[in-house]
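Dear colleague,

I am passing on the structure we spoke about, together with notes on what turned up in it. Please read the notes with the model open beside you.

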Amino acid sequence: MSINRKQKADLFMLLITIIWSGTFIIIKNALFDVPPFLYTSLRFFAATFIGLVLWHKQCRNITLQQWKQGSILAIFFALGFMSQTWGLQYTSVAHSSFITGSMVVFTPIAAYFIERKNITRIQVLGVGIVLIGLWFFTQADSIGTSFNAGDIATLFCAAIWGLYITFTDKFMRDAKDIQTASARLTLVQFGVTGIISLIASLLFEVKPYQIPDAIFSAFQSNSFIIAFLYTAILASVVATYIQTRYQHETSPVKAALMFSTEPVLATLLAVAFAAEYVSTEKYVIGAIVIIGVLSAQIEDFFPRLFKK
């Protein structure tokens with residue numbers, strides 16, 4: 001069975017979701033050895049360097065408009081990653097990943113107000129199911145886990161991702177040379193995010209003279225090195241380029257729904273490799289979230305069933 005462009009884009013969104021699902025557990029482990037904002041800045045400065053090596057030819061004649069668009073995306077990009085990484089210090093991988101999945105609620109709202117995009121009834125149903133599932137997921141369970149400061153920061157992150165997904169779709173849809181524009185916007189995002197994160201680190205975490213020692217100390221940790229390489233290369237360079245390149249070929253709501261499968265994968269990894277315990281009721285709620293995601297995809301993968 002052949003797949004069309006939109007289905008191909010959906011599969012790419014699923015691929016980067018799988019990549020992102022692995023970041024929660026390794027970043028949480030790395031945060032024992034490096035503060036969150038400094039970690040974020042190191043990650044994206046490394047991604048900027050890699051991006052320059054890969055895309056320096058495409059970025060030679062970057063336009064002022066692309067600088068502006070990349071910078072706008074970078075503000076959301078930086079706020080999203082910084083709040084999510086900070087929140088991971090105080091909440092579990094399961095909570096962080098599932099609350100991040102609530103971007104599915106914020107994306108259609110952002111798409112409606114920014115671009116006046118309508119949402120189909122099937123998508124509304126999917127969003128509703130996911131929202132209900134995530135609400136139950138944040139309640140206290142049989143092992144006593146409940147909503148905390150880390151969860152609030154992660155919820156803010158999810159709202160920011162809703163805006164980021166919508167603006168990415170808007171900017172890339174108008175691009176004439178998709179491949180070149182993708183490389184340019186991605187590289188600007190990395191560089192600006194690295195700068196914003198470094199400023200935040202200097203304001204809230206370390207003094208300027210402490211930076212060298214903090215970086216040297218971080219690189220003595222295997223957990224940090226693994227997280228640094230994985231997130232800089234796979235989760236940043238590869239995943240962000242794919243998202244910027246292909247997301248415009250699907251809808252923002254569908255992209256967000258695809259991304260909301262991330263928490264289930266991240267939770268399974270946390271249980272398997274970090275001995276994180278998740279109660280039975282939260283496994284059930286996780287299944288409800290997946291049902292919501294799948295229900296919103298039915299209309300596109302089986303269009304004949306919904307022809308009027």
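Rings of Phe, Tyr and Trp, the last by its six-membered ring, are taken to pair if their centres lie within 6.5 Å. With that in mind, Phe 44, Phe 77, Phe 81, Trp 161, Tyr 164 and Phe 190 form one aromatic cluster. Please keep in mind throughout that this is a predicted model.

As to the overall fold, the chain holds 14 helices and 0 strands, and 54% of its 308 residues are buried. The radius of gyration is 19 Å, which agrees with the value near 19 Å that a compact globule of 308 residues would have, while the C-alpha atoms fill a box of roughly 65 × 55 × 35 Å along the principal axes.

Returning to the aromatic side chains, the structure holds 20 aromatic pairs. One of them joins Trp 86 and Tyr 90, whose ring centres are 4.7 Å apart and whose planes make an angle of 50°, a tilted arrangement; Trp 86 is partly exposed at 29% relative accessibility, and Tyr 90 is likewise partly exposed, at 45%. Another pair is made by Phe 224 and Phe 228, with centres 5.6 Å apart and planes at 20°, so this pair counts as stacked. Phe 224 and Phe 228 are 4 residues apart in helix H11 (residues 222-246), and therefore separated by about one helical turn. Phe 224 is buried, at 0% relative accessibility, and Phe 228 is buried too, with a relative accessible area of 13%.

Two arginines are placed over aromatic rings: Arg 116 lies over the face of Tyr 112, at 4.9 Å from the ring centre, and the charged end of Arg 245 sits over the ring of Tyr 246, at 4.5 Å from its centre.

Glu 249 forms one with Arg 245, the closest N and O atoms being 3.5 Å apart, and another with Arg 5, where the corresponding distance is 3.9 Å. Because Glu 249 lies in the loop between H11 and helix H12 (252-259) whereas Arg 5 belongs to helix H1, this second bridge ties together parts that are 244 residues apart in sequence. Arg 5, Arg 245 and Glu 249 are thus linked in a network of salt bridges, in which Glu 249 is buried, with a relative accessible area of 15%, and Arg 5 is exposed, at 59%.

A further salt bridge joins the side chains of Arg 173 and Asp 169, at 2.5 Å from N to O. Arg 173 and Asp 169 are 4 residues apart in helix H8 (residues 149-173), so about one helical turn separates them; Asp 169 is buried, at 1% relative accessibility, while Arg 173 is partly exposed, at 37%.

Note on methods
Residues are numbered from 1 along each chain as its sequence is written. This is a predicted model: local features need pLDDT of at least 70, side-chain atom pairs count only at pLDDT 80 or more; totals for chains, interfaces and linings use all residues. Side-chain values use heavy atoms; hydrogens and water are left out. Rings of Phe, Tyr and Trp (its six-membered ring) pair if their centres lie within 6.5 Å; planes under 30 degrees apart count as stacked, over 60 as edge-to-face and the rest as tilted. Buried means under 20% relative accessible area, exposed over 50%, partly exposed in between (1.4 Å probe, protein chains only). Helices (H or I, at least four residues) and strands (E, at least two) are DSSP runs, numbered from the N terminus. A charge sits over a ring if NZ of Lys or CZ of Arg is within 6 Å of the ring centre and within 35 degrees of the ring normal. The radius of gyration is taken over C-alpha atoms; the globule rule is 2.2 Å times the number of residues to the power 0.38. A salt bridge is a side-chain nitrogen of Lys or Arg within 4 Å of a carboxyl oxygen of Asp or Glu.
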